[in-house]
Amino acid sequence: MRMRLKLKTVFVLYFTVSLLGLIYALMQLGQRCDCRGHDMSKDQQISQLRGELQKLQEHIKTELNKKTDVPKIYVITPTYARLVQKAELTRLSHTFLHVPQLHWIVVEDAPQPTLLVTDFLAASGLTYTHLHKLTPKDRKLQEGDPSWLKPRGAEQRNEGLRWLREMGAAAEGKEAAALEEAVVYFADDDNTYSLQLFEEMRYTYRVSVWPVGLVGGMKFERPVVEDGKVVRFHTGWRPNRPFPIDMAGFAVSLRLILTSPQARFDGDAQMGFLESSFLQHLVTMDELEPKADLCTKVLVWHTRTEKPKMKREDALQKQGLGSDPDVEV
């Protein structure tokens, strides 16, 4: 009976839309054609299309942000200058555009904001905060160092936390109450995220956790859940760490961060202990909240874009024929 009602509803909607379309088409008969588009130059047409695209982006942003009855998600993303930076940020921003009530905190590893990231964020259609924090030279990876040698992004994540705490201290009334319900997530710019992940984390009370795919030399790492509680972690490397979990595998209540000023990332932490240096100030393993069907679904993947090979570019540069440096990649 339920299926019949659904089919009947679909048929009625289809018939109504078709009828309205037919009426509109009949009304257009005999009216003069607006052929101004045929007289426009290609540049004018492109400019017009860009304007329409910008209006559409604003409309999408407005419609998404109308969903104000859900907790806000603050996403902190460290980023640094490299050939694939804009490509990574573009992919990530297109995911975030589909997430209601998301505020993106982008923190550059730079002495000052760069023009590339500034312009990119201004055109992104997202609600954002643009920060910068330079990693000290002694904590930076050097050319040729393996990616795991030193913790990355600690200073930038701490800068994002500093901004949140300042905002929280200044908030009053309804704004302060909304922050009590908000959640914080640390999203690197080279990972891949399912939209479902953000709805899983949105109602975090303390710290919520889930599996991460393609990480640690494994198909996935995950919290192991028994009777609704996290009892251990499925990981192939040093499972005795306080929290053997990837940065992409947890979200934290903003209320908990605001009431735990000592919680920060230790830039001098041992390899693999960066997450633990932060989480150990906030929660115990018994208090973790398993999401994604009790940590049985992978909704985020630890992907990396291949570093581009520039051999031909270098050869052309030596001949004075390199790519135009004014074209932003």
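Analyst: **Salt bridges and their setting**

Arg-157 is buried, with a relative accessible area of 4%, where buried means under 20% relative accessible area, exposed means over 50% and partly exposed lies in between (1.4 Å probe, protein chains only). This is a predicted model, in which local features need pLDDT of at least 70 and side-chain atom pairs count only at pLDDT 80 or more, while totals for chains, interfaces and linings use all residues. Residues are numbered from 1 along each chain as its sequence is written, and side-chain values use heavy atoms, with hydrogens and water left out.

The side chain of Arg-157 meets that of Asp-188 in a salt bridge of 2.9 Å, N to O, the term being used for a side-chain nitrogen of Lys or Arg within 4 Å of a carboxyl oxygen of Asp or Glu. This pair links distant parts of the chain, since Arg-157 belongs to helix H6 (residues 154-170) and Asp-188 to the loop between S4 and S5, 31 residues apart. Helices (H or I, at least four residues) and strands (E, at least two) are here DSSP runs, numbered from the N terminus. Asp-188 also counts as buried, at 17% relative accessibility.

Asp-189 forms a salt bridge with the side chain of Arg-82, again given from N to O, at 2.9 Å. Asp-189 lies in the loop between strand S4 (183-186) and strand S5 (192-193), and Arg-82 in the loop between strand S1 (73-79) and H4, so the pair ties together parts that are 107 residues apart in sequence. Asp-189 is buried, with a relative accessible area of 5%.

Within H4 itself, the side chains of Glu-88 and Arg-91 meet in a salt bridge of 2.4 Å, N to O; both residues lie in this helix, 3 residues apart, which is about one turn. Glu-88 is buried at 2% relative accessibility, whereas Arg-91 is partly exposed, with a relative accessible area of 39%. Elsewhere, Glu-159, Arg-162 and Glu-166 are linked in a network of salt bridges, and a search of the whole structure finds 11 salt bridges.

Helix H4 (residues 85-96) also packs with helix H5 (residues 115-122), at an angle of about 20 degrees and with their axes 11 Å apart. The axes are lines fitted to C-alpha atoms, for helices over the stretch in contact, and the angles run from 0 to 180 degrees between N-to-C directions. H4 and H5 are therefore roughly parallel to each other, as angles under 35 degrees count as roughly parallel, over 145 as roughly antiparallel, 65 to 115 as roughly perpendicular and the rest as oblique. Gln-85, Lys-86, Leu-89, Thr-90 and Ser-93 in H4 meet Leu-116, Val-117 and Phe-120 in H5, with contact meaning heavy atoms within 4.5 Å. The residues of this contact divide into 4 nonpolar, 3 polar and 1 charged, where Ala, Val, Leu, Ile, Met, Phe, Trp, Tyr, Cys and Pro count as nonpolar, Asp, Glu, Lys and Arg as charged, and the others, Gly among them, as polar.

As for the whole protein, there are 12 helices and 12 strands, and buried residues make up 39% of the 329 residues. Among contacts between residues at least 6 apart in sequence, 74% join residues at least 24 apart.
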